[in-house]
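Trainee: Before I use any labels for this model, I would like to hear what each one rests on.
Mentor: Then ask about them one at a time.

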Amino acid sequence: MHKIMDNSQKMDTEKSSGSQKTTLIIISAIALLFLIGTAIGIFFLARSNAEITSQVRDIFIIVLAMESFLIGAALIILIIQLAVLSNLIQNEIQPILNSTKETIRTVKGTSQFISEKAVRPIVSIGGLFAGGRKLLEIIGFIRNKEEKE
C-alpha cells in the first residue's frame, strides 16, 4: 500500500514537472517569436523613408513616457503598502506576540506547578505501592497473577 502511494506521488510530481516544462517551452517560443518580429520590424523600418521612421520613433517615445509614469505610480503604491505593512507589524502584530509570550509563560508556570504539587506526589505514592506489593509478593503474602494461571 505504501509503495502505491509513493508511486502515485511520483507520478503527480512528474505530471506537474511535465506541465511546468510545457509552460516554459510555450513562454520561450512566444518570447522568441516576439524578438524575431521586433527584429524584422526594425529592419523594414530602417529601409523605409525618414518621415515614417520619425513618426514611429515619436510613438515609441510617447509609449516609453507613459510606461515610466506607470512604473513611477507602481513604485509609489509599493512604498505606501510597505509603510502600511510596517505600521501593521508595529501596532497590531507586536502586541499579539507579546500577549502570546505572556500566555506561554503562564502555561509553563502552571504546568511546572501541577507537576511539582500533583503529579510528582502521585507518582511517588504509586511507586511506593508498587514496591510494597512486590515486597509482599517476594515474602509470599500475595500471590503473583502469573503464578495463579
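The turns below take the labels one by one and set each value against its definition.

Mentor: This is a predicted model, in which local features need pLDDT of at least 70 and side-chain atom pairs count only at pLDDT 80 or more, while totals for chains, interfaces and linings use all residues. Residues are numbered from 1 along each chain as its sequence is written, and side-chain values use heavy atoms, with hydrogens and water left out.

Trainee: What makes Arg57 and Asp58 a salt bridge?
Mentor: The term requires a side-chain nitrogen of Lys or Arg within 4 Å of a carboxyl oxygen of Asp or Glu. Between the side chains of Arg57 and Asp58 the N to O distance is 3.3 Å, so the pair meets the definition. The structure holds three salt bridges.

Trainee: Why is Arg57 called partly exposed?
Mentor: Buried means under 20% relative accessible area, exposed means over 50%, and partly exposed lies in between (1.4 Å probe, protein chains only). Arg57 has 48%, so the label is partly exposed. Asp58, at 37%, is also partly exposed.

Trainee: Which residues does Glu137 join in one network?
Mentor: Arg133 forms a salt bridge with Glu137, with the closest N and O atoms 3.6 Å apart. The side chains of Lys134 and Glu137 meet in a salt bridge at 3.8 Å, N to O. Salt bridges that share partners therefore join Arg133, Lys134 and Glu137 into one network.

Trainee: How are Arg133 and Glu137 placed along helix H2?
Mentor: They are four residues apart, about one helical turn. Lys134 and Glu137 are three residues apart in H2, again about one helical turn. An α-helix has 3.6 residues a turn, so residues three or four places apart point the same way.

Trainee: What makes Leu78 part of a nonpolar patch on the surface?
Mentor: Patch members need over 30% relative accessible area and no salt bridge; like charges are joined within 9 Å, and nonpolar side chains (Val, Leu, Ile, Met, Phe, Trp, Tyr) within 5 Å. Leu78 has a relative accessible area of 47%, so the area condition is met. Ile71, Leu75, Leu82 and Leu85 are among the other members. The patch has about 770 Å² of accessible area together, by the Shrake-Rupley method with a 1.4 Å probe, where only the protein chains shown count as cover for residues.

Trainee: Where is the kink in H2 centred?
Mentor: The kink is centred on Ser115 and is about 40°. The bend is the angle between axes fitted to the seven residues ending at a residue and the seven starting there. H2 spans residues 50-139; helices (H or I, at least four residues) and strands (E, at least two) are DSSP runs, numbered from the N terminus.
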